[in-house]
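Please keep the sequence and the structure in view while reading.

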Amino acid sequence: MSTTCTVAFFGTGLMGFPMAKRLLASGFPVTAWNRSREKALPLKALGAEVVTTPAQALEQADVAVLMLAHADAIRKTLLGAEAAPLLAKKSVVQMGTIGPEESRDLAADITSLGGRYLEAPVLGSVPQAEAGKLEVMAGGDKALFDELFPVLRCFGRHPRWIGPVGTAATLKLALNHLIAAQAAAFATSLALVQKGQVPLEVFLEILRGSAFYAPTFERKLPVMLNPVHAKVNFPAKHMLKDVRLIRAAAEASAVNTTLVAALEVLYAATEKAGLGDADYAAVARLIVGD
Ligand SMILES: NC(=O)c1ccc[n+]([C@@H]2O[C@H](COP(=O)([O-])OP(=O)(O)OC[C@H]3O[C@@H](n4cnc5c(N)ncnc54)[C@H](OP(=O)(O)O)[C@@H]3O)[C@@H](O)[C@H]2O)c1
């Protein structure tokens, strides 16, 4: 695949915007579409064409890259009456976090329309998207992965092929489970320390020297202490969506869901408290309880 192939980019949100920029910086012609058009417009100055319908984006493209919120948004965007017939002979790269079943259903629908489908969810957040350092995990036909490698390579240094459709989606959920659980566990320890009048620095110093220290603890600490005004990299509403997907995938594989069900309660309460658009570390506000 050469950089003369046009990429239709769908979803220029927190992650999609810097990813579309990476494609442009690598020399790919990009046609961008976003439901709220104003979020895509700044890409014009960087050379992208910004269109008003998904069908217009597909018409001009060989490859469609999607970084949309969830499976419902993907289906509405790609499988509507105008866009769906245009999927014939197109390669669709789905990069948002969706469930393995949802991904397999999309693959079946796109294939039945004559298109090709690769799932390629990512680990990493906005800073990694800006730097082209996402961990890109692909599921689907290996030959399609190889063909699309130059596109995937714009987003991460070492895109990996994991296996058939569904395997990369599952891997992404397994990794996000750790993020969801770690944030909730750290927030609970932090709340104990704060309420038990233990000096925060002493807690952090002992933690730093321990085997269970994780760099994310200190990165998320300022957000946990002040979730409302912190920069948002990964909104709590998407973490709630992911936790629900993790629970569904666990249930489908008869994996015990006790922990993930508790996480769902916490992240649902975070959204209910009006913190759905705050960073997911805002879960700390619910845990500390005041
Ligand atoms: N942020 C992260 O750190 C991160 C990391 C890895 C993976 N992800 C995953 O990547 C995906 C995008 O995340 P993000 O953080 O970029 O979220 P975001 O900023 O909320 O962007 C979501 C995108 O989906 C679009 N969208 C939502 N509902 C839609 C609908 N019904 N029809 C059409 N478009 C719709 C939004 O359009 P509007 O602008 O019009 O709302 C926006 O372009 C999610 O699946 C997320 O879980 C996020």
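Predicted model: local features only at pLDDT ≥ 70, side-chain atom pairs only at ≥ 80, totals over all residues.

Is the crossing of α10 and α11 left-handed or right-handed? The crossing of these two helices, α10 and α11, is left-handed.

## Domains

The protein chain falls into two parts, domain 1 (7-163) and domain 2 (170-288). Between the C-alpha centres of domain 1 and domain 2 the distance is 28 Å. Contact between the domains involves 11 residues of domain 1 and 13 residues of domain 2. On the side of domain 1 that touches domain 2, 7 residues are nonpolar and 4 are polar, with no charged residues.

## Ligand shell

Around the ligand there are 27 residues, of which G13, R35, A73, G96 and S125 come nearest. By class, the shell holds 10 nonpolar, 13 polar and 4 charged residues. Two helices, α3 (71-78) and α10 (236-252), each provide at least two of the shell residues. The most is given by α3, with 3 residues.

Why does the ligand lie between domain 1 and domain 2? Residues of the shell come from both domain 1 (7-163) and domain 2 (170-288), so the ligand lies between them.

## Packing of α10 and α11

Helix α10, which supplies residues to the ligand shell, also packs on α11. The axes of α10 and α11 come within 9 Å and cross at roughly 155°. An angle over 145 degrees counts as roughly antiparallel, and α10 and α11 are therefore roughly antiparallel to each other.

On the α10 side, the contact is made by A236, K237, M239, L240, V243, R244, I246, R247 and A250. These residues meet V260, A261, L263, E264, Y267, A268, T270, E271 and L275 in α11. Sorted by class, the contact of α10 with α11 has 12 nonpolar residues, 1 polar residue and 5 charged residues.

## Packing of α7 and α11

Helix α11 (residues 258-275) also packs with helix α7 (residues 167-195), at an angle of about 65° and with the axes 10 Å apart. Angles of 65 to 115 degrees count as roughly perpendicular, and α7 and α11 are therefore roughly perpendicular to each other. In this pair, α7 passes α11 in a left-handed crossing.

From α7, the residues H177, A180, A181 and A184 take part, and they meet L259, V260, L263, L266 and Y267 in α11. The contact of α7 with α11 has 8 nonpolar residues and 1 polar residue, and no charged ones. Among the α11 residues that meet α7 are V260, L263 and Y267; V260, L263 and Y267 are also among those that meet α10.

## Packing of α7 and α9

Which way does α7 pass α9, in a left-handed or a right-handed crossing? The crossing in which α7 passes α9 is right-handed. The contact is made by Q182, A183, F186, A187 and L190 of α7 together with T216, F217, K220 and M224 of α9. Its residues divide into 6 nonpolar, 2 polar and 1 charged.

The axes of α7 and helix α9 (residues 215-225) come within 11 Å and cross at roughly 65°. Helices α7 and α9 are therefore roughly perpendicular to each other.

How values were computed. Residues numbered from 1 in each chain as written. Near = placed C-beta within 6 Å. Helix = DSSP H or I, 4+ residues; strand = E, 2+ residues; numbered from the N terminus. Nonpolar A, V, L, I, M, F, W, Y, C, P; charged D, E, K, R; others polar. Domains from an automatic or database assignment. Contact = placed C-beta atoms within 7 Å. Axes fitted to C-alpha atoms, helices over the stretch in contact; angles between N-to-C directions. Parallel < 35°, antiparallel > 145°, perpendicular 65-115°, else oblique. Left-handed = near helix turned anticlockwise from the far one by under 90°.
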